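Dear colleague,

I am passing on the structure below, and after it come some notes on what was found there. Please read them with the model open beside you.

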Amino acid sequence: MTALVEVKGLDKAFGGVHAVEGVSFAVEAGQVYSVIGPNGAGKTTLFNLITGLYIPTKGEVRLNGESTAKLEPNQLAERGMCRTFQQMQICMNMTAIENVMLGRHLQLKSSLFTTLFRLPALRRDEKTAYKRAADLMEYVGCGEYVGAEASAMSYGALKRLEIARALAAEPKVILLDEPAAGLNATETAALEDLIRKIADQGITVMLVEHDMKLVMGISDRLLVLNYGRVLAEGTPEEIRQNPDVIAAYLGG
Amino acid sequence: MLNRFMQSRLRGLVVLALILVIIPAFLSNSFQYGMVTQIAILAATVVGLNLLVGFAGQISLGHAGFFGLGAYFTGIATGTYGWPSVPALLVGAIMVGIIAWVVGRPILRLKGHYLSMATLAVGFIIAIILNNERALTGGPDGMPVPAFEVFGWELSSFGRYSLLGLEIEGFEAWYIFASVILLVAVWFALNLIESPIGRALRSVHGSEVAASVVGVNTAKYKSLVFVISAIYASLMGSLYAHFLGFITPAVASFEFSILFITMVVLGGMGSTFGVILGAAVLTLLPQVLADFQELETVMFGLILMLTMIFMPKGLLPTLTAIVSKRMRKKAGGEA
């Protein structure tokens, strides 16, 4: 069986600095796969490479066996990859639910003609999309903001909204970049439940996260980066006992 | 919630229609009718420009170029070659759409100031061509444009018509015609904004990277909205040419482009009804300040600056915010 996401010898240099160097790993469908490492280890760069926002200096990423080298982020989305951002990317010029409905972009195909005359087919699709987006907001736990402007939402709610938007695209794999950053303990616990729910749906989850308790509890496998290189890879148990990791990261 | 949303969408259109019906009660002569007709045509133009600037967040400082191309295409096709008005208007719009697409593809990769400069240059090039192609356009002296006509029926400001048994003057007929066009232009714009295409456009403004990771081809949508706004400008340019009966390259000038942008910014970027108000204010203002004609450009610059500083959301959104705040206060006080 080929892996859903396969990274081979990935390298990204900014000038002379190698943010990511010779990284290889594979994520099987249905896993929760986490990438951890100290600040500046290259985790977000790795995510940006996988999702097509950066072009690798060397190496390649394969999604479902297909090389993603020539694909734009929107084409990766068409192939079932979606993500959230450490620096949240919410459209503040739209309402909360419109942000989630934006996630339905690929499922909503309407011609310019249908749109300009607002024909019944479009109205029907919009109604369905609205309902589904409202359900998703409920699902991620920001249902109380269905009628709100995005700019009126709290930080924690916006983080959830971003996940709802990614889920609206019906991805095969969802990449979450530090979803727990800035959340308090209660919110983090709720987030853990949410990630579990998403994984139980059969969606592959890739996670960059600092919260070790969250990561260790939830992940099937972990990748530890340090200075852009792979320090260790394995199950949470293996990582916990890896002397390199303990020395470099956990500071033990 | 959805229903309420839909209703509010159409409510704006109904209010606008009512205002357009009431306005003639305050008009007494053909000059005033002419002003309001001009406002309606320019308003429809900036409703289209607002799709690009206000909703998709891309600037165009050369939109008068497209407006001018539409005007001149109509002038040349109907005047010099004797085409009927409607085919001239449509072919002109298609041609301008193609030009906008070809030009837009490369320049919309630029952002911010660079995009401003590129669109500025597009506008300048079009104005220069219209100025220099004397054989076709009559050069800086301009050219006459025949009256708008459909199937041998002419719409001229100086004609007399009967509408539903009512005798009306030509300038009144033009006002009605322009009002209907404005309503249709607004209706199309509202439909576009509240749709998957409209969300994609607005997401390009809100967060281009977020848009791309959920599958929005941002380059495609930027081109699309650039073309749509150019077609709006071209169609309105054609009507403007018919309405005035005479055009000069001034319709494609830099000053005109700035006027359009000022209308959008003053009225309210991203507010379809706001930019109509912007068009009205900035068309009427020079009349009020007729004594200071040489200061017109300075005034526009000042208005643009003051709006940016003191009401960045624009005239209409700021006014509605104040009114709704007052109403809430009042309701709170009574309770």
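At 1.5 Å a residue, helix α5 of chain B (residues 112-132) should span 30 Å over its 21 residues, and its end C-alpha atoms are 31 Å apart, which agrees; the expected span here is 1.5 Å times one less than the number of residues in the helix. Helices (H or I, at least four residues) and strands (E, at least two) are DSSP runs, numbered from the N terminus. Within α5(B), the buried residues are B:A118, B:T119, B:V122, B:G123, B:I126, B:A127 and B:L130, where buried means that 20 or more other C-beta atoms lie within 10 Å of the residue's own, exposed means 12 or fewer, partly exposed is in between, and C-beta atoms are placed from the backbone. These buried residues of α5(B) pack against α3 (63-80), α4 (85-107), α6 and α11 (254-267) of chain B, with two residues taken to be in contact if their C-beta atoms, placed from the backbone, lie within 7 Å.

Before going further, please note that this is a predicted model, in which local features need pLDDT of at least 70 and side-chain atom pairs count only at pLDDT 80 or more, while totals for chains, interfaces and linings use all residues. Residues are numbered from 1 along each chain as its sequence is written, and chains are lettered from A and ligands numbered from 1 in the order in which they are written. The model scores ipTM 0.91 and pTM 0.93; chain B averages a pLDDT (the predictor's confidence in each residue, from 0 to 100) of 92, and 96% of its residues score at least 70.

Chain B as a whole has 14 helices and six strands. Its radius of gyration is 20 Å, close to the 20 Å that the globule rule gives for 335 residues, so chain B is as compact as a globular protein of that length; the radius is taken over C-alpha atoms, and the rule is 2.2 Å times the number of residues to the power 0.38. Buried residues make up 48% of the 335 residues in chain B, and among its contacts with a separation of 6 or more, 76% are between residues 24 or more positions apart. One buried position in this chain is B:G138, which has 22 C-beta neighbours inside 10 Å and is found in the loop between α6 (134-137) and β1 (143-144) of chain B.

Turning to chain A, there are ten helices and ten strands. The radius of gyration of chain A is 19 Å, close to the 18 Å that the globule rule gives for 252 residues, so this chain too is as compact as a globular protein of its length. Its C-alpha atoms fill a box of roughly 65 × 40 × 35 Å, taken along the principal axes, and 46% of its 252 residues are buried.

In helix α7 of chain A, residues 185-200, the 16 residues should span 22 Å at 1.5 Å a residue, and the end C-alpha atoms are 23 Å apart, which agrees. The residues A:L191, A:I195 and A:I198 of α7(A) are buried. They cover an arc of only 60° around the axis, which puts them on the same side of α7(A); the arc is that of the directions from the helix axis to the C-beta atoms. On the other side of α7(A), A:A185, A:T186, A:D193, A:K197 and A:D200 are exposed. What covers the buried residues includes β3 (32-36), β7 (173-177), β8 (204-208) and α8 (212-218) of chain A.

Most residues other than glycine have a negative phi. Two residues of chain A deserve a look on that account. A:R118, in the loop between α4 (112-116) and α5 (120-140) of chain A, has a positive phi near 45° and is buried, with 20 other C-beta atoms within 10 Å. A:Y227, in the loop between β9 (221-226) and β10 (229-234) of chain A, has a positive phi of about 50° and is partly exposed, with 15 other C-beta atoms within 10 Å.

Finally, the interface: 24 residues of chain B are in contact with 35 residues of chain A. On the side of chain B that touches chain A, α7 (170-193), α8 (196-206) and α9 (208-213) of chain B each supply at least two residues, and the largest share, eight residues, comes from α8(B).

With kind regards
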